[in-house]
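Work through the exercises below with the sequence and the structure side by side, and try each task before reading its solution.

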Amino acid sequence: MLIAGAVFVGALVQLAPRSSAASIVAKVESPAPNKPTAERTPAGKASDLFCSKGYETICKSPPVADPTGETSLDYRGEIRALRILRRIVRSNPGWTTEQIENELVQQIYTEPRKQNLIRIFETVRGQMLEYVHQQPARVFSDYDKSVLEQRIRQVQLDLPVNRETYSDATDLYTKSEIYYESNNEGLMRIRVGGAYVLNTTSEFSIVFTMAHELAHAIDPCSLKSAQINYRAYDELVGCFVDSQWITREEAQCGNKDKTSEVFADWMGAEILARSIKNRPNYSLQDKVNASINAVRDLCDDSLGYEKVNLDYYPTDVIRVKSIFSKNGLLRKELQCAGTTAPPAQPYCRFEMPR
């Protein structure tokens, strides 16, 4: 899947796609049943390897299934979408381009798939609103919180009803992309590619992706462009630099800055951790597998199928190892040893330890 980073296109700010690999239905017809955890994973303490070698566990180990599904390479979803398109064209040789695209939309964006996306999106939105609301008054005043919350509420999940919905981007129907875009008239929306819809079964991959995209509504550069400035944000970006997630030059909002994407990954990790915390019936192995699937599509594939645009994003090592797998709440949920001991460089948050 591709997740976007902010780029100004005319009057529209569209976030530059982030590579991903996930699926709402492993098969177009119906998802395959998941095996019990005991059949899917090796014996041993479930989280030891993740806690000590998060990047290697996520990016260099064989694929895993969590209780909701799996992740897959982007190109597989695109192949699946193109096969559907080819089948429609061959079955209806007399149809116009408009008729073919309408049928493609109906076959890919089915009502159950759309309702699943809407449910996850609204859950993620609720968790992000809660996270902002929970910040202490010394970080954000009630007014500041209301500004951030309003921006989060303003984002629409823009799913196709027919070909007209994405008439300005019809190639999106066969792409494994998901991105946030906005304009100076107040439009804020998330769009979802058809190949992504076909290719993502793990709900946790969708949770992280939705949280990443929704976070762009309140990322440092989006706020700056709206003439909104908070000291807590300045300190947070300073922590990104001190943690070597980005350089000082990359922290400057503008052409090819990485601040927006780092912030979105950072917020995505927090929301994903909360999502896992809300699954009390999951075994530890289930939680580990869910964490792996959440960001497996951030990994830079060694075969060359999935290449990340490093003009807008840090390396996958930084994104997976330093930002995602070091999130404090996630490590607590995975029972990683030493979660209460302060590291040399504290993990970034709105209110840093003094």
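**Aromatic rings**

Tyr131, Phe140, Tyr230, Tyr233, Phe240, Trp245, Phe263, Trp266, Tyr347 and Phe350 together make up one aromatic cluster. The model is a predicted one, in which local features need pLDDT of at least 70 and side-chain atom pairs count only at pLDDT 80 or more, while totals for chains, interfaces and linings use all residues. Residues are numbered from 1 along each chain as its sequence is written, and side-chain values use heavy atoms, with hydrogens and water left out.

**Exercise 1.** Determine how the rings of Tyr166 and Tyr173 are arranged.

*Solution.* Rings of Phe, Tyr and Trp (its six-membered ring) pair if their centres lie within 6.5 Å, and planes under 30 degrees apart count as stacked, over 60 as edge-to-face and the rest as tilted. A search of the whole structure gives 18 aromatic pairs. For Tyr166 and Tyr173 the ring centres are 5.6 Å apart and the planes are at 20 degrees, so this pair is stacked. Tyr166 is buried (under 20% relative accessible area, where exposed is over 50% and partly exposed in between, with a 1.4 Å probe and protein chains only), because its relative accessible area is 0%.

**Exercise 2.** Classify the pair Phe240 and Trp266, and locate its two residues.

*Solution.* The ring centres of Phe240 and Trp266 are 6.3 Å apart and their planes are at 65 degrees, so the pair is edge-to-face. Because Phe240 lies in helix H11 (residues 231-242) and Trp266 in helix H12 (residues 259-277), the pair ties together parts that are 26 residues apart in sequence; helices here are DSSP runs (H or I) of at least four residues, numbered from the N terminus. Both Phe240 and Trp266 are buried.
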